[in-house]
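Have the sequence and the model open as you read.

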Amino acid sequence: MSLTMLPPAPERAPAAPAPRDRFIDVLRVFGMVLVVVQHWTMPVLSYAQGRLTTGNALAAVPYVTWISQVMPLVFFAGGAANAISFRSAARRGGTAREWTARRVRRLAWPVVPLAVVWLPLPHLLVALGVPAQPVETAARTVGQLLWFLAVYLLAVVATPHLLRLRTGVALPVLAGGAVLMDVVRFSGLEAAGYLNVAFVWLAVHQVGFRYAEGGLEWLTGRRAAGLAVAGFAMVAALVATGPYPASMIGMPGMISNMAPPSACLLALFAGQLGLAMLLRPALNALAARPRAEAVLTALAPRMMTVYLWHMTALVAVAGVATVGLGLATPHAGSAAWWSAVPLWLAALALVLVALTALLGRFEDPVGAAAHRLVPAAVPLVGGALLTLTITGFAPGPAPVIASLALVAGLALVSRPAAAAPRRR
């Protein structure tokens, strides 16, 4: 089984894409919602003598992550969306830099209010008497989410260039690079694995290009089911015979399939893609229903806000319950744990809905895009997101400098609304 053998039919000119692909919307919304739910159900928390102890509820059931780890599908959907958006802009006469400037602004602008809140918040909480250790843990955790934006920025910048390449050329190079980096990584050079941040995620993103040009229309019925079985079987074989752990998310004290990403995620993606394409007719039919369409229409434009602020909701609820009231998470998988999960998720969802209603408007950048200084803006934004991923918003100079670099990068690709008409 190989993702590099798509499709079985001869190459053909890309068809004009539909104005809106609801299947991609479903994958993006479903993927982000599942990420949020997974993050909310993972923590096992206890607090004593000023220290917060954390564990992972999924450590006992790692095979659940073969379905719940949907970041490969999220990057696939992102690749399809980027290809559709870029080609639409090109047909209207737009340039690669203009498109990149708009996408960079849309990606990074929602981080600004997150920084505005979280840079002073740890200092305020400590001043109010909250112990420093749980505050620092929370501030670092919130920033760790930004890894996705840093990698997605790389995918956005690469999109105009990778679209010029045939998938049959680019995909084998990217997938082969991922396998090679794993060989080097597991031979003793751990740092080489971090090159798979590019190889793994850009490979998945590249398959999204193929979908956008109609190259996966053959993947239905038995073919889709066959790919799903082959993909998950390959994951099982890699876990059974190789150095890869069973969990597709990082676990303390174990080799990680996510940080850095391993080639095992490509096999996982093959299984998930086959399953998604098998369900595609049913998902499209569901998305066409008025209520489901209304939910997609409401959620799709606000998924970045949901992603960025769902850990803040977790910090707020867990802070009150664990640090404030002294409650500990019941033993994961126990009857007490299962009975607490609905109330836990409901409280978190309530806080997140309020945060999204308040901050969702920041997904629409103010002013207009300016493309001339994109080459200077991208390193500033990317470096800022990467720094915040590593340091979070824990007290210190690095988060402040990174936030200033983020704002500077956004300023380079922005201009006042009155300076030029805003293009969508």
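## The largest cavity

Pro110, Pro113, Thr305, Leu308, Trp309, Leu359, Phe362 and Glu363 line the largest cavity. A cavity here is a set of points on a 1 Å grid over the protein atoms alone where a 1.4 Å probe fits but cannot get out, and lining residues have an atom within 4 Å of a point. The structure holds 1 cavity of 30 Å³ or more, and about 30 Å³ of space lies in the largest cavity; a volume is the space filled by probe spheres set on the points, which are joined across faces, edges and corners.

Helix α14 (residues 303–324) gives the largest share of this lining, 3 residues. Helices are DSSP runs (H or I, at least four residues), numbered from the N terminus.

## About the model

This is a predicted model, in which local features need pLDDT of at least 70, side-chain atom pairs count only at pLDDT 80 or more, and totals for chains, interfaces and linings use all residues. Residues are numbered from 1 along each chain as its sequence is written, and side-chain values use heavy atoms, with hydrogens and water left out.

## Asp25 in helix α1

Look for Asp25 in helix α1 (residues 22–41). Asp25 counts as buried because its relative accessibility is 3%, and buried means under 20% relative accessible area (1.4 Å probe, protein chains only). Leaving aside neighbours within four places in sequence, Asp25 is in contact with Arg20 and Leu296, where contact means heavy atoms within 4.5 Å.

## Helix α3 and what follows

Helix α3 is mostly covered, with 17 of its 21 residues buried. Just after α3, Gly93 has a positive phi of about 95°.

Terms used: 1 Å grid on protein atoms, 1.4 Å probe; cavity = no way out; pocket = protein on both sides within 12 Å on 5 of 7 lines; lining within 4 Å. Helix = DSSP H or I, 4+ residues; strand = E, 2+ residues; numbered from the N terminus. Buried < 20%, exposed > 50% of the residue type's maximum accessible area, 1.4 Å probe, protein only.
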